[in-house]
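This report describes a helix pair, the nonpolar cores and the model confidence of the structure shown below.

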Amino acid sequence: MAHPGPIAVDDAGRRHAVSEAFLQALGDRVRQARARHGMTRRDLATHSGVSERHLAQLEAGKGNISVGLLRNVALALATPVGDLLREGPEPSAEARLLQGVIDRLTPEQAVVARKLLDQRFNRRPGRNVRLALIGLRGAGKTTVGRLVAEARGIRFVELARAVEQTAGMPLQTIFDLAGQAGYRRYEQKTLQTLLDDDSPLVLATAGGIVSDSRTFHQLLSGCFTVWLQAEPQQHMQRVIAQGDNRPMAGNRQAMQDLKRILASRESLYAQADASVDTSNLDAAGVAARVLDLWPDARRQREANL
């Protein structure tokens with residue numbers, strides 16, 4: 001939401017309108033973040049200690065009025081409210097100036113800027129020898145990943161299984177004990193360990209890896225990434241065909257939820273180096289496309305000619 005600048009002290013009507021707009025935007029952001037993580041409101045209530053009723057009010061733009069008052073203080077100070085809520089040390093002057101430049105970019109320009117900064121400062125050596133597949137559950141990442149790894153004669157890793165090894169417990173136990181936040185900590189640690197090994201690798205990630213900016217940045221910096229795309233109906237059909245009926249269990253809104261999750265993640269999945277539309281392809285066809293897109297696979301193929 002744009003920062004409208006200071007408000008006159010006696011402009012009570014405008015203060016109220018800005019607070020309402022801010023609370024509505026806050027509720028929208030909470031709802032969108034919940035969708036990116038694939039969490040139900042009940043899940044969020046369980047792991048946040050905030051009741052479903054209060055979460056529903058927050059997402060409806062009816063959060064605690066003190067949040068709106070904090071917004072008014074920030075406006076009076078001509079300071080973004082995020083700066084008042086920031087954890088950790090104050091950003092440097094250069095970081096503030098850089099953020100100002102980024103804020104003025106269009107979404108398309110921001111994509112180009114992020115890639116330029118990554119190439120200059122964050123790309124890990126040997127990045128292209130590691131391939132990561134991203135996309136929603138049911139995209140075929142595990143099946144395709146195994147085929148690609150077999151074709152290259154290199155190691156295949158399913159990140160979720162590696163996380164279980166790191167944590168020493170099944171995924172469900174991780175979520176039960178530590179929630180999404182705990183799982184993401186294990187995921188980040190596991191991914192870092194995999195990237196610290198310079199050997200070639202094909203990695204199948206969990207669909208929600210894009211929802212944690214630090215971990216997703218690790219992935220983009222350390223691997224050539226390919227987004228396996230499909231329509232929501234195909235995702236659902238594939239998951240059920242694998243014998244997993246959880247998406248439909250007690251949830252009449254399963255398809256709508258899936259569409260909402262995909263919509264909230266699409267712009268993040270689109271940050272991948274390449275994408276493959278899997279709609280009319282079998283697993284072998286998708287694997288062949290991935291191999292054609294992967295620079296290191298092309299390099300090896302040309303070397304063998």
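## Packing of α2 and α3

In this predicted model, helix α2 (residues 41-48) packs against helix α3 (residues 52-59) at an angle of about 115°, and their axes lie 9 Å apart. Axes are lines fitted to C-alpha atoms over the stretch in contact, with angles from 0 to 180 degrees between N-to-C directions. Helices are DSSP runs (H or I, at least four residues), and strands are E runs of at least two, numbered from the N terminus.

On the α2 side, R41, R42, L44, A45 and S48 meet E52, L55, A56 and E59 of α3. By class, this contact comprises four nonpolar, one polar and four charged residues.

## Nonpolar cores

A nonpolar core is a set of buried Ala, Val, Leu, Ile, Met, Phe, Trp, Tyr and Cys residues joined through side-chain atoms within 4.5 Å; buried means under 20% relative accessible area (1.4 Å probe, protein chains only). The largest core has 29 residues, of which I134, L203, L219 and Y269 touch the most other members. Elements giving two or more residues to this core include β1 (130-134), β3 (201-204) and α13 (254-269). The most, six residues, come from α10.

Beyond four places away in sequence, L219 touches A132, I134, L191, L203, T205, I209 and T225, a contact being heavy atoms within 4.5 Å.

## Confidence and conventions

The chain averages a pLDDT (the predictor's confidence in each residue, from 0 to 100) of 81, and 83% of the residues score at least 70. Over residues 1-9 the pLDDT is below 50.

Residues are numbered from 1 along each chain as its sequence is written, and side-chain values use heavy atoms, without hydrogens and water. Local features need pLDDT of at least 70 and side-chain atom pairs count only at pLDDT 80 or more, whereas totals for chains, interfaces and linings use all residues.

Notes. Buried means under 20% relative accessible area, exposed over 50%, partly exposed in between (1.4 Å probe, protein chains only). Ala, Val, Leu, Ile, Met, Phe, Trp, Tyr, Cys and Pro count as nonpolar, Asp, Glu, Lys and Arg as charged, and the others, Gly among them, as polar.
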